[in-house]
Amino acid sequence: MTITTDNLKDMVKAISTALSDSKSDLNALDSELGDGDHGTTICAGFAAAVNAIEEAQTPSEVLQKTAMTLMNRMGGSSGALFGTLFLRAAMTVKEFDDVSSELFGAMWQAGLEGVISRGKAQPGDKTMVDALSPAVASLAQASTAGTSLGEALRHAASAAADGAQATANMQAKYGRARYVGERAVGHVDAGAKSIALMFGAMADYWAQMNAAEEDSNGEA
Amino acid sequence: MAARTKKLINQPEHILQDMLEGFAAAYPDIVRLTDTGLIVRRQPKAEGKVGLMIGNGSGHEPAMIGLVGPGLFDVNVPGEIFAAPGPDRILEGIKEADRGAGVLVCVSHHAGDLMNAEMALELCAMEGMDNVEMVVLYDDISSAPKGQEPERRGTAGLFFTWKMLGAYAEQEGVTLAQCKTMAESIRDNTRTLAVAMTPGTNPVSGEVMFSLPDDEIEIGMGVHGEVGQGRRKFVSADDTIDAMLPPIIEDLPFVAGDDVLVFLNNSGSLTQMELFILNRRVAQLLEEANINVYKTYIGPYATTQEMAGFALSLCRVDDMLKALWDAPAIGANVRVVQP
């Protein structure tokens, strides 16, 4: 099974909805370590991205429009980093009409590399990289093992969630949270949490869509 | 954390635009608000002079919109509350500031400000604009130890750079490279330490930005409510200065015989009375150390909403910097007129 342009649009919508549902949680996490507006900012970014991708014709266009909207609408470090994540993903799927399981892994791999080179954070620094990196590793593993896309997404989502949770025990080295020093320990990083919500939303969307298709196949 | 409800705003998502419109309506002789939300000088700088621009998160007013004008910045790109503007808006600001002699993109060192400025410079390179430079400024001694100065964040003490760099860039024949060197030199002679007593409210979320026990103050508080690293019991104005000034002096270090500018930045809700009482102790201690105060500036520049606190900054100056400090500047919130 491959991911079509419409599927990708639906994924961006699902991400937007999932983030909106957790907006106040994300703000609360951010107020422990940052300035308390991560939820508001990222929700506004993805809500604008949902509108921006309406007319997109290819997977690359969906991801690129999402990237540019996040970058310019959110601003700040999260705009730069989430924007870079989607921009690199877009560059990876250029020339493709739909996204295979392997390509899906490769595009987030490229996104992760972009985020690291832009933000300079490594795994363990209590940033979004700590959720993104295990998700990307899980997708690569699934691709090698030939796991179905649904299964691969579910594992990636759970790896991202575990990675986000693990940031609670880390000391921040980047962004505003770094200035909190040891007091950051005990709080989950809001950017990592957003990545976990993002992969969770994509996995849930894919599972529901397939369940719906099976239902309609059953009726037929 | 308890939500603060009394903020005189309309809808949270309209804060930036509402503020900019009100600001531009108040100072039409000094600034103009563009359709895309940039604050630019009403009378552009003469052709052939270096343009100065900065992008930054809003919510710190009068920084930086109040520092656009002759002898100061040419263009300010205000971002959303506490978030640097994105690269496309910074690029637009660079184009606005260009008077044919290049543009210096100033960055107050925070992760988002730096990343977005870097991306804007990449966009400049793609468009073939090669006469654009970036300078990253920092001053807060609490945010990284001595020896790791480039890791420090940019706070209230950058006011010294903006004022004197602004005056420098007005001079005929000054080049982009010289402006960058001047900015770095002022930065390298500036040190700041801040303290906070009660938090400000994030105007978008309505949440207070940190919590602090009633009888404690936090030394090293950042301009977005980033908690600092040292809490101490709240005692008095003199006790607070006694804790803050020595680490500032030791960090540069400022030594006997130095001439310095002193700046007490009101972070939001202190009274002028309190700032004058604080400055009394600053003046006493500097005199004891035989450090000469050339000029003192007291007032709000970089605020964090209604946070109660202040930043104390010193800048070592020579005759050239003294002349730049005294040079005329006409911003909405910073005015220096020649005597």
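Colleague: Of the accessible surface of chain B, about 13,000 Å², what share belongs to carbon and sulfur atoms?
Modeller: This is a predicted model, where local features need pLDDT of at least 70, side-chain atom pairs count only at pLDDT 80 or more, and totals for chains, interfaces and linings use all residues. Residues are numbered from 1 along each chain as its sequence is written, chains are lettered from A and ligands numbered from 1 in the order in which they are written, and side-chain values use heavy atoms, with hydrogens and water left out. Areas follow the Shrake-Rupley method with a 1.4 Å probe, and for residues only the protein chains shown count as cover. In chain B, the carbon and sulfur share is 53%.

Colleague: How far apart are the centres of the positive and negative side chains in chain A?
Modeller: Lys and Arg count as positive, Asp and Glu as negative; His and the chain ends are not counted. Each charge is placed at NZ of Lys, CZ of Arg, CG of Asp or CD of Glu. In chain B, with 27 positive and 47 negative side chains, the centres lie 3 Å apart. In chain A, with 16 positive and 27 negative, the separation is 11 Å.

Colleague: What distance separates the end C-alpha atoms of helix H4 (residues 59-74) of chain A?
Modeller: The expected span is 1.5 Å times one less than the number of residues. For the 16 residues of H4(A), that gives 22 Å. The model agrees: the ends are apart by 22 Å.

Colleague: Which helices of chain B do the buried residues of H4(A) pack against?
Modeller: Buried means under 20% relative accessible area, exposed over 50%, partly exposed in between (1.4 Å probe, protein chains only). Among the buried residues of H4(A) are Val62(A), Leu63(A), Thr66(A) and Leu70(A). Contact means heavy atoms within 4.5 Å. Within chain A the partners are H1, H3, H5 and H6; in chain B they are helix H2 (87-97) and helix H3 (111-126).

Colleague: What is the relative accessible area of His60(B)?
Modeller: His60(B) sits in the loop between strand E3 (51-58) and strand E4 (75-81) of chain B. Leaving out residues up to four places away in sequence, His60(B) touches residues including Phe82(B), His224(B) and Tyr301(B). His60(B) is buried, with a value of 8%.

Colleague: Where is the cis peptide bond with omega near -15 degrees?
Modeller: Most peptide bonds are trans. The loop between E3 and E4 holds Pro62(B) and also Met64(B). The bond from Glu61(B) to Pro62(B) is cis, with omega near 15 degrees. The cis bond with omega near -15 degrees runs from Ala63(B) to Met64(B).

How values were computed. Helices (H or I, at least four residues) and strands (E, at least two) are DSSP runs, numbered from the N terminus.
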